[in-house]
Amino acid sequence: MADPPGCCAACATCLLCPYSCQWITAKKEKRKGLRTTKCDCSWFLFLFCVFLFTLVWLYFAIIILNDLHNFNEFIFKEKKLWFDWSLVLLIATAVLITYSSALLVLALCLQLCGQPLKLHWLHKILLILTALVVAAAFTGLGIKWAEEWRSAQISLQATGPFLHIGVVGGMTLLAWPLASFFYHTHNTGLKVFLLLMYCTVMIALYLAPLGITSPCIMEENQLPPKPALVGHRGAPMLAPENTLMSLHKAVDCDVQVFETDIMVSADGVPFLMHDEELTRTTNVQAVFPERAALNSTAFNWTDLQQLDAGSWFLERKPFHTVESLSDDDRYQATKQRIPSLGQALEAAKQSNISIMFDLRPENHSDYQNFVNATLGVILQSGIPLQQVLWLPDGFREQVKQQAPGVQQVYGRKRLQNEKEPLLHVNLPYQDMSSEEIRQYRQDNISVNLYVVNKPWLFSVLWCSGVSSVTTNACQVLKEMKHPIWLLPSSTYLMIWIVVDCVSFLTILWAFLLLKKCSHRRRPAESETDVLLTKINSLMQE
């Protein structure tokens, strides 16, 4: 295959070596017989599909980062091993996407230079392994973490308009190698098939905005108020979770509600603790090694006060923000102890913030006594009852009778035959659509969604009109004065039209330009063929 103008022998060789894993010189006699076969085209198509597959996984990996701390906690609960799996996820994804994209770029450059697409067998094996790894990742995601599929759907409300522009741009650039292949191949059927496929995809992309919806496509004056912040176990990125230090750090972040979890000790003292066991957030294995696996409720309050509830935060570094803590914060973390509910209520009262909690474990045989003990501490604390948000469903009617001023928060959506209207709901952010949030807002129902850590997700929920969000990253969301993006519908329409028109004109220019270049080369090739024929005839004579 003759080198087209602009592709020197050295360039052709440099492109062929990493793709074909062979040192092939640019001399024709060394490349004689090397042509792109149908099998080679099939492998190029497979390469393109693997690239798209890994690109989709990269998108999912970025979305998963919002909830990956929950995955880290799940692994610790199952294996008693703490590790920041976000590092593994990002490094593995970066390797896969870099490898497949590098191969694809090489293949496209080879096609533009008129070189054969002879993919080496080692690359073929690695591409198959890449596809299997990504398929396994998606399968595991669907089996063990199915709610992340809903997270991906929500993310499209934040990224949809920009993904559309990016995909249109990528497919537009693909017109150059496609046009080069179109004018070099002599297989009419393949040419028609590829052209029809490409045109179909581009038409679908040009019309895609008709199906793109986002709550952030609105006028500036329609933007709802910024959602209030609820500190998930306080400010767990700045201090050990469920400690008084974490509560005070959350107050510094302007949170309006401190969200926590309550356990009740063996001698009836409610205290702050999320896990049923104490191993993750205390040094119970060092202080009470023979009792470390017991439920938190099996310890009395005197035993619990002996435990260090802060040093683990510095040792395990559950969030990357631990590295940036000041020396004073590090010292304060080592002094943290498990706080009682009474201490937390006193701190909330002094800071004038509300406290929302769940009571664990719900399936405990002594759960009613847990409710009574918790309610007793609340009533004795002197905190205004409207600052207490009650989440537990068990014995809720009893709580309403004994403390009617406590705000009842429900972990479910409203029912059609609701006996009394719900005023507050607390749900995972995946469980409510933008339309439902707007409807609840119109009906004066306060909606709190959890756990929201990334600005893109906070922006979507802000535009949707959510009342508040529970977050680990209060220090990040506090600084947001505006959603990441907000576009009036007229502006988005203009962007849509401009992008489509520029893309169409670029594709048209690519095909016309390469057609003109191919016509210029044909006379030269014909003259060369005639000359070679004459030389061959003379030699035979």
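1. Domain 2 and domain 3 bury about 660 Å² between them, and carbon and sulfur atoms give 61% of this area. Buried area here is the accessible area (1.4 Å probe) that two parts lose on being put together, summed over both. On the side of domain 2, Arg150, Ile154 and Gln157 supply 55% of the area buried against domain 3, more than any other three residues.

2. A word on the source. This is a predicted model, in which local features need pLDDT of at least 70 and side-chain atom pairs count only at pLDDT 80 or more, while totals for chains, interfaces and linings use all residues. Residues are numbered from 1 along each chain as its sequence is written, and side-chain values use heavy atoms, with hydrogens and water left out.

3. Where do the domains run? Domain 1 covers 1–26 + 35–144, domain 2 covers 146–214 + 487–519, and domain 3 covers 228–274 + 340–478. These bounds come from an automatic or database domain assignment. The C-alpha centres of domain 2 and domain 3 lie 46 Å apart. Eight residues from domain 2 and seven residues from domain 3 make the contact (heavy atoms within 4.5 Å).

4. One salt bridge is counted between domain 2 and domain 3 (a side-chain nitrogen of Lys or Arg within 4 Å of a carboxyl oxygen of Asp or Glu). Arg150 forms a salt bridge with Asp431, with the closest N and O atoms 3.5 Å apart. The side of domain 2 that touches domain 3 has two nonpolar, three polar and three charged residues. In this grouping, Ala, Val, Leu, Ile, Met, Phe, Trp, Tyr, Cys and Pro are nonpolar, Asp, Glu, Lys and Arg are charged, and the others, Gly among them, are polar.

5. Next, the disulfide. The count is one, taking a pair of cysteine sulfur atoms within 2.5 Å as the rule. Cys216 is joined to Cys463, with S to S at 2.3 Å. The torsion about their S-S bond is about 100 degrees, so the disulfide is right-handed.

6. Finally, confidence. The chain has a mean pLDDT of 90, and 91% of its residues reach 70 or more (pLDDT is the predictor's confidence in each residue, from 0 to 100). Residues 1–6 have pLDDT below 50, and this stretch has 13 contacts beyond near neighbours in sequence. Residues 25–32 also have pLDDT below 50, with twelve such contacts.
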